[in-house]
Amino acid sequence: ALVSTQSTGYSGKRSSGKKNKPEKRRKRRRRREKLEKGRVNPGEMFRTEQYSAWDGEGLPTHDKEGKPITQSQLKKLKKLQLAQDKLHKAYLQHISDLEIYFVWVLLSSGINAEYGDDKETLLREKKQRQEEQARKEKEKAEKAEARRVG
């Protein structure tokens, strides 16, 4: 028995893909915008003229007139900072991946880069950078916890 084209949704014609191009462009633009937002370090995002004092994590403690930040405002700012931290980590990962890719391209094209002669070296260096970043973040969290408790 023959399969109906209506049941499978296949018409036998190839799609030109033109319907998906605008959607792909939108997705690429959104991703670029998201990465662009991630450039800002979450510890520096509130260091503006809008505030006059900040804590160790970069959260403001006083507004520009010197009035203390309320608990509700602080809660909102912490939420924004956490969201920015997530964006910033994605941005840093993207930059790291790009660095690995470009060095790989250089190496595969026969150009000897200063980064090393093989992919294993690049991956080892990337892992070391990630471990160092994780160690720093852990220390920062421990210090923040100690300040909160102490």
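Glutamate 139, at 33% relative accessibility, counts as partly exposed, where buried means under 20% relative accessible area, exposed over 50% and partly exposed in between, computed with a 1.4 Å probe on protein chains only. The model is predicted, so local features need pLDDT of at least 70 and side-chain atom pairs count only at pLDDT 80 or more, whereas totals for chains, interfaces and linings use all residues. Residues are numbered from 1 along each chain as its sequence is written, and side-chain values use heavy atoms, with hydrogens and water left out.

**Salt bridges**

Glutamate 139 forms a salt bridge with arginine 135, a salt bridge being a side-chain nitrogen of Lys or Arg within 4 Å of a carboxyl oxygen of Asp or Glu. Both residues lie in helix H4, 4 residues apart, about one turn of the helix; helices here are DSSP runs of H or I with at least four residues, numbered from the N terminus. Arginine 135 is likewise partly exposed, at 39% relative accessibility. The whole structure holds 10 salt bridges, including those in the table.

| Salt bridge | Closest N and O atoms |
|---|---|
| Glutamate 23 and arginine 26 | 2.8 Å |
| Lysine 89 and glutamate 137 | 3.5 Å |
| Arginine 135 and glutamate 139 | 2.5 Å |

Lysine 89 and glutamate 137 form a salt bridge that links distant parts of the chain, since lysine 89 is in helix H3 and glutamate 137 is in helix H4 (residues 119-149), 48 residues apart. Lysine 89 is partly exposed, with a relative accessible area of 36%, and glutamate 137 is partly exposed as well, with 32%. Both belong to a network of salt bridges that also takes in Asp85. Glutamate 23 and arginine 26, by contrast, are 3 residues apart in helix H2 (residues 20-37), and therefore separated by about one helical turn.

Leucine 77, in helix H3 (residues 71-108), is buried, with a relative accessible area of 8%. Leaving aside residues up to four places away in sequence, leucine 77 touches Phe46, Tyr51, Leu59, Pro60 and Ile69, contact meaning heavy atoms within 4.5 Å. Leucine 59 and leucine 77 are 18 residues apart in sequence, while their C-alpha atoms are 7.2 Å apart in space. The largest nonpolar core has 6 residues, namely Phe46, Tyr51, Leu59, Ile69, Leu74 and Leu77; such a core is a set of buried Ala, Val, Leu, Ile, Met, Phe, Trp, Tyr and Cys residues joined through side-chain atoms within 4.5 Å.

The largest pocket has a volume of about 910 Å³. Of the 24 residues that line this pocket, Glu57, Gln81, Asp85, Lys140 and Ala141 are the closest to its centre. A pocket is an open set of points on a 1 Å grid over the protein atoms alone, where a 1.4 Å probe fits, with protein on both sides within 12 Å along at least five of seven lines, and lining residues have an atom within 4 Å of a point. Helix H4 gives the most to the lining of the largest pocket, with 9 residues, and by class this lining has 7 nonpolar, 6 polar and 11 charged residues.

The second largest pocket holds about 190 Å³ of space. Lys89 is among its lining residues, as are Arg129 and Gln133, and the largest share of this lining, 6 residues, comes from H3.

Technical notes
Helices (H or I, at least four residues) and strands (E, at least two) are DSSP runs, numbered from the N terminus. Grid points are joined across faces, edges and corners, and a volume is the space filled by probe spheres set on the points. Ala, Val, Leu, Ile, Met, Phe, Trp, Tyr, Cys and Pro count as nonpolar, Asp, Glu, Lys and Arg as charged, and the others, Gly among them, as polar.
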